[in-house]
Amino acid sequence: MSKPSFHKITPRAIRVWQWGNSIGNLFYFMIPAGYSFIFGFEGLHLWLIVAVTSAILVLYILSIILMPYLSWKNWRYAVDEKEIDLKRGVIFKTRTLIPLSRVQHVDTRQGPLLRWYDLSSVTISTAATTHEIPALDSVIADRVRRQISTYARLAEEDV
Amino acid sequence: MSDFQRQHPVAAVSRAFGLIRGNFITILVFLFVGAQSENFPFLWWIAGGFGFLLILGAVNWWRFLYKIEDGVLHIKSGIFVRKNLYLTKDRIQVIDITSGVIQRMFGLVKLDIQTAGSSSRQAAIDAVTREKAVEINWLLRDQKSVSEDPEDVNAEVRKPEEEEFNTIKLPHKELLIAASTSGSFGIALSIIATIFSQIEPLISESELFEYLFGLLPSQTDTVMIITIIAIFVVFAWLISFFSTLMTYGNFQLDVKKKEIVVSRGIFEKKRITVPYNRIQAIHVTEGMIRQPLGYASLHLESAGYGDDKGTGSFVLFPLIRRKRILPLLNEILPDYQKELEGITPPPRSLRRYMFRSAFLITSITAGVYWGLGFNLWVWVLPVVSLFWGWLKYKDAALGWGDDILLLRSRGLSKSTAYIKKKRVQDATYSQSPFQRFRKLCSVQVYVASGDQGKSFSVRDIEKTDGMKLLEEVRKNGIPVIDESESERETNKVMLPGWA
């Protein structure tokens with residue numbers, strides 16, 4: 001098996017995900033809030049609400065301090081002349097192989113949070129699916145995008 | 001033709017019906033929920049809704065303009081957002097002339113114009129006269145393979161050279177079997193439920209109802225419920241029987257030099273043309289009822305163009321004896337390697353299959369048994385689900401040849417997919433924590449289908465086999481002659497296993 005050279009993504013991705021999760025996952029507190037709004041705080045309901053809220057709180061804190069680090073640690077990508085190889089996942093580990101001749105277009109994207117940290121994500125589209133390498137340094141992201149599109153053009157001529 | 005033209009006004013009606021068909025489930029739910037109120041009669045809902053759709057169709061018709069100039073078809077459409085679509089003659093791959101029920105009532109035809117891109121689904125001219133269709137066809141044709149309507153009277157005008165092709169028809173017997181075993185029960189059931197919910201107040205007070213239930217031996221509630229369910233099921237079966245008959249009647253598969261043409265339908269004629277170079281995968285589905293009878297259906301995934309829903313998946317052959325599959329495939333797709341050596345999941349993944357299949361059902365059963373005091377017979381369900389898990393395990397398999405992959409798995413029905421390696425859009429290998437512990441993995445392969453993708457997957461195979469699949473995809477159809485496979489012989493099978 002040929003060993004492609006895998007790259008990590010930028011450590012700053014951790015910061016981005018921490019911010020993203022700390023804002024986005026606040027949504028889950030709506031569940032006990034909504035429940036208490038409907039059923040009130042009496043008796044059994046109170047216990048249920050406390051239990052659910054503390055469980056969500058624990059997960060929320062984990063999603064801020066632990067998960068971003070772990071998913072950064074598990075992210076790897078490799079691009080060579082023949083294919084793109086993406087490895088990711090903390091609990092469910094997945095590895096995806098995209099033959100370059102199948103790549104239809106590549107673009108870089110930048111949301112406000114990514115822009116603040118000067119990062120971009122690279123999106124790779126095939127005729128069937130779309131994959132993303134999240135949070136690369138903008139300069140690197142540009143380079144990866146150019147690299148992929150060059151390789152993709154070469155691979156196209158092969159077929 | 002160098003001026004903008006409108007379609008025939010009938011396009012408005014066919015558009016309205018098209019909208020109904022496209023949103024059928026939504027409309028059904030809407031009727032079911034919305035028409036419960038007594039003070040707003042059911043018929044008004046239907047009439048009002050249909051009137052609205054007709055107006056929508058008419059406006060759409062008014063705003064739809066097309067012209068052909070210098071070999072470019074220009075279509076303007078859209079009510080508020082004007083969309084301009086330009087199709088160049090060189091890019092047009094296929095022009096399908098079809099006619100639905102409405103078109104045929106007025107002697108009109110529909111033109112489906114396909115390019116390799118995905119936007120070509122909008123390039124359909126819903127209703128034009130036959131003469132105009134011929135003219136358009138003539139203007140846009142350029143030594144391209146133009147599929148002809150066999151019924152067409154003007155054939156000699158448009159046929160440049162006689163192309164010989166092989167026609168395969170669906171025998172009547174198999175059509176009947178296909179109709180009686182088709183699984184479109186669910187939709188049929190929901191239609192009946194809707195109708196029943198509307199007419200129920202009428203019949204429950206009528207004497208007929210009393211009379212019918214007077215015929216039954218005993219009048220306990222259980223018997224009544226069972227009878228009602230039985231009536232529902234029979235009606236659902238009848239609906240699905242006749243709808244399948246309507247859909248797949250007159251089925252015909254033309255194998256031409258460059259393309260496959262599938263035409264079907266009794267009232268609503270449908271024609272699908274697929275050039276060979278757009279076939280992405282074929283899969284064989286053996287349904288729950290059909291498999292024991294020795295039948296299967298063939299499906300095809302094509303890129304760019306497909307059914308109305310945007311998926312490129314359609315029925316290549318509605319029902320075929322398992323023994324006849326390989327000869328048929330050999331005829332249609334001689335370049336696919338059909339029989340190859342495959343790998344099944346190792347015995348240790350059997351328990352994962354059974355657990356996954358039975359876990360939810362068992363816990364629900366336990367809940368209703370102890371919680372709601374159900375009959376002991378509910379425990380049949382977990383046993384069946386365990387058996388189902390075992391079947392899933394038996395049917396999961398993975399194989400590869402020089403340029404082809406084969407993935408076999410079972411959801412409710414068993415599906416065997418043939419995919420050319422060079423058609424694979426991406427391949428994914430994944431492991432859950434438990435799979436990591438047991439050194440197993442799942443693989444998933446995507447192919448293009450319509451303007452989306454379609455995935456095929458096999459779960460809980462040996463980790464090394466999953467890695468090998470990824471390697472096979474990496475080779476991308478280029479055969480490599482290093483084979484050192486003598487470690488495990490335990491879980492080898494010959495695929496597809498029905499030769």
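**Strands and domains in contact**

Trainee: Which strand of chain B is joined to β3(A), and by how many bridges?
Mentor: Good place to start, and keep in mind that this is a predicted model. The two strands run antiparallel. One pair of residues to look for is A:Lys93, which stands opposite B:Gln431. Counting the links, β3(A) is joined to strand β18 (residues 424-431) of chain B by five bridges.

Trainee: Which element gives the largest share of the side of chain A that touches chain B?
Mentor: Let's begin with the whole contact: 17 residues of chain A meet 22 residues of chain B. Within the chain A side, one element supplies seven residues, the largest share, and that is strand β3 (residues 93-99) of chain A.

Trainee: What distance separates the centres of the two domains of chain A?
Mentor: First find the domains: the assignment gives domain 1 as 13-69 and domain 2 as 76-158. Taking the centres over C-alpha atoms, the separation is 33 Å.

Trainee: Which helix of chain A gives the largest share of the side of domain 1 that touches domain 2?
Mentor: The contact between these domains of chain A takes six residues from domain 1 and seven residues from domain 2. By class, the domain 1 side has four nonpolar, one polar and one charged residues. Five residues of that side come from one element, helix α1 (residues 12-24) of chain A.

Technical notes. Residues are numbered from 1 along each chain as its sequence is written. Chains are lettered from A and ligands numbered from 1 in the order in which they are written. This is a predicted model: local features need pLDDT of at least 70, side-chain atom pairs count only at pLDDT 80 or more; totals for chains, interfaces and linings use all residues. Domain bounds come from an automatic or database domain assignment. Two residues are in contact if their C-beta atoms, placed from the backbone, lie within 7 Å. Helices (H or I, at least four residues) and strands (E, at least two) are DSSP runs, numbered from the N terminus. Ala, Val, Leu, Ile, Met, Phe, Trp, Tyr, Cys and Pro count as nonpolar, Asp, Glu, Lys and Arg as charged, and the others, Gly among them, as polar. Two strands pair if DSSP finds at least two bridges between them.
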